[in-house]
2 protein chains.
Amino acid sequence: MQSADTRTRLIVTAMQLFWEKGYGSTSVADVLQAARVNSGSLYHFFPGKQDLLLAVLDMYHGGLRTMLLEPAWRGVTDPIERIFALLARYRRSLADTDCFYGCPIGSLALELHEPDQPVRERLAANFAAWTDAIHQCLKDAGSRLPRDLDRRELAAFVLTAMEGGVMQARTFRDIGSFDGAVRQLRAYFETLLREAPARRAPRARTVHKKKERP
Amino acid sequence: MQSADTRTRLIVTAMQLFWEKGYGSTSVADVLQAARVNSGSLYHFFPGKQDLLLAVLDMYHGGLRTMLLEPAWRGVTDPIERIFALLARYRRSLADTDCFYGCPIGSLALELHEPDQPVRERLAANFAAWTDAIHQCLKDAGSRLPRDLDRRELAAFVLTAMEGGVMQARTFRDIGSFDGAVRQLRAYFETLLREAPARRAPRARTVHKKKERP
DNA sequence: GTAAGACTTGATCAATCATTCAAGTAGCTC
DNA sequence: GAGCTACTTGAATGATTGATCAAGTCTTAC
């Protein structure tokens with residue numbers, strides 16, 4: 001399939017434009033011009049504009065590990081710090097663009113108002129995959145976090161804080177809004193880490209067993 | 001000015017449609033039809049579609065207290081509970097619409113990608129007013145919260161959690177996503193409330209003055 | 001070499017978009 | 001009732017939209 005070149009060029013170009021201008025504000029002509037492709041070719045590969053969006057979302061989903069997580073986690077092994085390393089990556093994206101562009105999935109998520117089920121499904125799949133990665137970090141943190149903590153819910157809350165922080169940073173055109181959200185999330189994590197040994201996890205450095213206090 | 005009727009009808013109708021379908025997906029013709037107004041009248045009051053959006057955002061801003069805060073806080077006096085009462089109001093809006101419609105300001109904030117300065121300013125003004133109201137609650141909570149807590153930042157974090165929670169609830173079509181975010185925020189608040197007397201705030205109910213400790 | 005399939009070309013389409021404008025009506029002042 | 005302003009009417013405009021399609025090129029197989 002030699003034309004994979006054209007197909008992927010369309011997807012990558014659309015990914016960029018949807019990120020910069022949004023889905024609705026990006027015309028098919030914009031994509032065609034930027035990708036140097038004729039309309040017939042686009043409609044040879046994709047039934048319509050929306051299917052191009054689906055392909056973009058699938059590419060985000062497929063590239064989550066290699067394009068986002070692995071670069072963000074290079075040299076970072078501590079599972080808790082990995083979470084904040086990932087947030088730092090979004091911070092860079094904001095800072096590099098003067099707080100214009102944040103999370104592409106989040107932007108698309110709030111842009112789609114019609115009940116486009118296939119689109120919504122893929123947005124949800126992207127969020128779910130992102131949250132799963134955080135969830136794994138929280139599981140890797142083991143007993144450093146309270147035993148009765150709902151880690152799946154906390155993982156989703158990390159996404160919540162990220163998306164909400166990005167939204168405010170973009171609106172205020174101020175990276176400080178994002179930093180403030182991360183700082184509050186960090187404060188929350190620190191209380192959880194402080195709280196964990198109090199509730200359970202009796203021995204952290206000594207090895208000998210000890211009975212629990214009633 | 002007897003035509004205030006037409007003018008406000010346009011704004012209210014646009015408010016509704018922008019909320020339901022977004023700004024970009026709402027055509028001027030949609031607004032005209034729903035408001036039963038001819039195009040000439042619209043352009044008599046507003047130079048263009050964007051100015052209608054500005055008027056909508058101004059109406060949100062002006063009605064924040066009477067339309068949002070006061071109804072949400074009826075019967076709720078505790079400043080901390082007022083925060084969660086406000087969040088509960090957004091929850092209702094989501095639940096009532098099957099998680100279709102969330103915060104109208106947040107939706108518009110992520111929809112606007114172009115550097116429309118006047119629009120962005122008004123979105124920011126709405127967020128700022130919302131955050132100010134939360135900030136006042138946090139100030140009213142007095143010594144129940146840690147003395148060295150950055151209350152302005154925490155207030156912004158409440159907005160962060162709300163917007164992020166709404167985004168996920170809409171994407172997953174699941175009110176549980178919003179509830180989870182609120183639950184985590186509540187857990188964070190509880191650690192702060194638990195933490196406060198430990199750090200400072202010696203007497204809570206006695207009245208006599210006392211010098212600050214250095 | 002030729003037939004078939006994969007892909008490209010670019011003009012063209014109808015629909016929809018925000019906006020304009022000349023003509024009209026209603027209410028007010030003097 | 002004349003004149004003025006405020007507002008309404010609704011057809012028309014030109015630009016842009018997503019999508020179509022017949023004709024063409026290229027590659028591969030036999």
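The model is predicted. Confidence in chain A averages a pLDDT of 91. A pLDDT of 70 or more is reached by 90% of its residues. One stretch of chain A stands apart in the record of confidence: over residues 200-211, pLDDT stays under 50. For that stretch the model has 8 contacts beyond four places in sequence.

Chain A contains 10 helices and 0 strands. Its pattern along the sequence is accordingly written α-α-α-α-α-α-α-α-α-α. The C-alpha trace of chain A spans about 75 × 40 × 35 Å along its principal axes. Chain A has 214 residues, and 38% of them count as buried. Among contacts in chain A between residues at least 6 apart in sequence, 64% join residues at least 24 apart.

Chain A also touches chain B. The contact involves 37 residues of chain A and 36 residues of chain B. Five elements of chain A each give two or more residues to this side: α1 (4-21), α7 (104-111), α8 (117-140), α9 (151-172) and α10 (175-199). The largest share comes from α9(A), with 15 residues. By class, the side of chain A that touches chain B has 14 nonpolar, 15 polar and 8 charged residues.

Two of these elements, α8 and α9 of chain A, also meet each other. The axes of α8(A) and α9(A) come within 8 Å. They cross at roughly 125°. The crossing of the two helices is right-handed.

Which residues of α8(A) meet α9(A)? On the α8(A) side they are A:F127, A:W130, A:T131, A:I134, A:H135, A:L138 and A:K139. Their partners in α9(A) are A:R151, A:R152, A:L154, A:A155, A:A156, A:V158 and A:L159. The residues of this contact divide into 9 nonpolar, 2 polar and 3 charged. The charged residues include A:K139 of α8(A), together with A:R151 and A:R152 of α9(A).

Conventions. Residues are numbered from 1 along each chain as its sequence is written. Chains are lettered from A and ligands numbered from 1 in the order in which they are written. This is a predicted model: local features need pLDDT of at least 70, side-chain atom pairs count only at pLDDT 80 or more; totals for chains, interfaces and linings use all residues. Helices (H or I, at least four residues) and strands (E, at least two) are DSSP runs, numbered from the N terminus. A residue is buried if 20 or more other C-beta atoms lie within 10 Å of its own, exposed if 12 or fewer, and partly exposed in between; C-beta atoms are placed from the backbone. Two residues are in contact if their C-beta atoms, placed from the backbone, lie within 7 Å. Axes are lines fitted to C-alpha atoms, for helices over the stretch in contact, and angles run from 0 to 180 degrees between N-to-C directions. A crossing is left-handed if the near helix is turned anticlockwise from the far one by less than a right angle, and right-handed if clockwise. pLDDT is the predictor's confidence in each residue, from 0 to 100.
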